Amino acid sequence: MAASVMSDPRGRKDRGRRWLLSPTIAGGIALIVYFALLLVTTWVAQERLSHSTSARHALDARLHANALSYFYAERLGDLANLRRDQAVQSFFVNRDLGMSMKYGLHASLVSIRGVLIERVGEKRVDAGPFFDRIALFDADGTILVDTSADPPAAESWLALDSGLPSHVRLVVDAPQHPDAILVEAPVVMSERGRGTLVAWVNERTALAALVGLDPAGSGLDRYRLLRSAAEVAEIEGAVGAPIEVSGTPFFLVGLERASLDERLLTSRWFLFALVLLAVALLTGGWMLLGAQRQNLVLQTRMDVARLQRRKLSEHNERLREEIKKRQEYERRLIYQANYDSLTGLPNRTLAMDRLEQSLMIAAREDHRVLVFYLDLDHFKRVNDSLGHAAGDEALVQTAERVSKLVSAGDTLARLAADEFLVIYPDLRDPVDAAERAQALLGLFTAAFTIEGRELFLTASLGIAISPSDGKSAEDLLKNADLAMKEAKDAGRARYSFYIPGLDVQIRERLSMANLLRHAAERGELALLYQPLIDLRTGRVVAAEALLRWTSEELGAVAPDLLVPVAEDAGLIQHIGGWVLERACCAAARWQSIAPCRVAVNVSSLQLQAPESFSEQVDLALSRSGLSAGLLELEITEGVLLRDRPTIGTLLANLDRRGIRLSLDDFGTGYSALSYLRRFPFHVLKIDRTFIAGIPDNQEDAELTRAIIAMAQALGLGVLAEGVERTEQRDFLVEQGCDLAQGYLFSRPIDADALGVMLGRNGEVNRS
């Protein structure tokens, strides 16, 4: 009995071990079975995924091949439409008629190049243009027009088909361009080949756009465009058979992408690892179950101590984070109070503080402080047309450029919007101010790159120097601002020094604007009319309405000053409507005497509100009863430089209603030829600066002759303004000019006097 009792603890221990061993072995077996099932399931899923991926790749390749086929068909259509463009057809017709390159053909080529450049620009995606280049080759293979800025000198092109080629084709084996994809479009007129349009297709941009990938990324390497099925054997990693791109000589091949799936989960090494893991788990469990728990109280006390230390540490960490956040917040407040958040430059507050300090040091050490007040020209147009994000980017790039001319001791600050301040605290020689201003304006000659496009900006600069232009920071800044506004009034993109009395001029213009607000009510505004003479008959066929202001306080105000003051004061819409209605009413009265149109000048600000301007025109015509065909609106080239779609839509609507449109001051702008093609003008007005020099000035005479010839080729009428001498009139008659106006025929007269002139059958003195 005693022996049995003594051996009982060992027996219970053995039974306990067996009791623990059984579930451990069972758990290990269950774990191995689980991992085996997981392995089989993963392998089956991977096989199905592989088949599904292959089928999806094949379908994607076929869809992309269809998209490429449609893409190249569209490019063929683009060239087919382009060779039928009026500018292209007119060039060859005019050349057949004997027009010389000097007096017409060159202008046609310029127009054709504009069409080609526009086609390159409009056929694009975000990644880039579909066409890298478009060129028009003559029948002998020489280049007539090329959108490339630097085409190969010896490049030529002859039609690849023999006989008389007339169809547009895709070329991939051109001798001079073996690696290029070209679209050839022969220009055939009167059953004779006149030339060939050739376009270079941007293969990578087209492929990237159609498959929805970034051309700069690595995803584009999934596809390859081959020129024959035989090339597939040379491509490593091809997936499936090549897909023929219908209508092209191309085959689209999908390439296998590098995959991170190396079937690791179905490999024998993974199975071996599972077995080792199961054995390790069983061994570890056995050791843990056999280990004895000791020193439980001590372990518990240690856990409590660690918990207390952790809580204390967490509390201290929260205190440190709170202190750090408070310091960061204070630093941010100080920064926001003194620096511009967009450019990182000092703001007005910090700039004025530095200017005050610079003036104090300059007064003590007897030297000067130079201040530049810089404002970007027409910056509002950037925000209106491209968005505020583009405007912000332009401001950041402006700050980066100007900072190149600012040394460590100088200050560059952003005052507000597009206004910047540059402070040079130690100016030794005033002559340096002009040189620094010229260097600063020179920073704006290069284009800004905003959202992937080139944008040219200019700036106006006002200059003030202490102590002559101001002894306090406020006075110096105010006078620099006045000088900047003077630079803007003088034409922008220039600098201007502060001149004593500028503030007086500003106040005078403000006073003039206040008087102008009530000028119409007081009867101080009047319209005069200058006759427009038909040079073939010598009769008056129209009259230009000219606004005049005779103020009780100021007397007669110069016409050149009246419109700018009205625009600055925001009165041009009201005054413009008044002029339209008065001119239409006068013209309606003339019709009972003799047919006569009336021409009204339109300000650029009027066209910026197209709906309001259209309503003013409707109201003037309805109240006067004048026919729309007897109203002519004169538009200056400066209005069209903004290139706003709303202006083009407004002019097209006016043209459809029968209202005549004339392009005023032709030749003084920047892109006049493009306006003739894009907008529905009926008459070109040759600026008086060209007429003044003819016929003595050879250059003015040649320019006038070329403008008349070009207008006649386009079917437009020509009006010469500022004709004052008989020899000028004779020259214009000889060149075939249609209309003229000037002191030779009549000075501006009132509506009644013009009615009397019309009563004399519209004849004027032609001696």
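This is a predicted model: local features need pLDDT of at least 70, side-chain atom pairs count only at pLDDT 80 or more; totals for chains, interfaces and linings use all residues.
Ala417 sits in the loop between β12 (411-416) and β13 (419-427). Most residues other than glycine have a negative phi, and most peptide bonds are trans.

- Ala417 is not a glycine, yet its phi is positive, at about 50°.
- The relative accessible area of Ala417 is 46%. Ala417 therefore counts as partly exposed, because that class lies between the buried limit of under 20% and the exposed limit of over 50%.
- His378, also a residue other than glycine, has a positive phi near 55°.
- The loop between β11 (368-376) and α8 (379-386) holds His378.
- With a relative accessibility of 34%, His378 is classed as partly exposed.

**Cis peptide bonds**

- Ser466 and Pro467 are joined by a cis peptide bond, whose omega is near -5°.
- Pro467 belongs to the loop that runs between β16 (459-465) and α11 (473-489).
- A cis peptide bond also leads from Ile694 to Pro695, with omega near 0°.
- Pro695 is located in the loop between the helices α20 (688-691) and α21 (698-713).

How values were computed
Residues are numbered from 1 along each chain as its sequence is written. Side-chain values use heavy atoms; hydrogens and water are left out. Helices (H or I, at least four residues) and strands (E, at least two) are DSSP runs, numbered from the N terminus. Buried means under 20% relative accessible area, exposed over 50%, partly exposed in between (1.4 Å probe, protein chains only).
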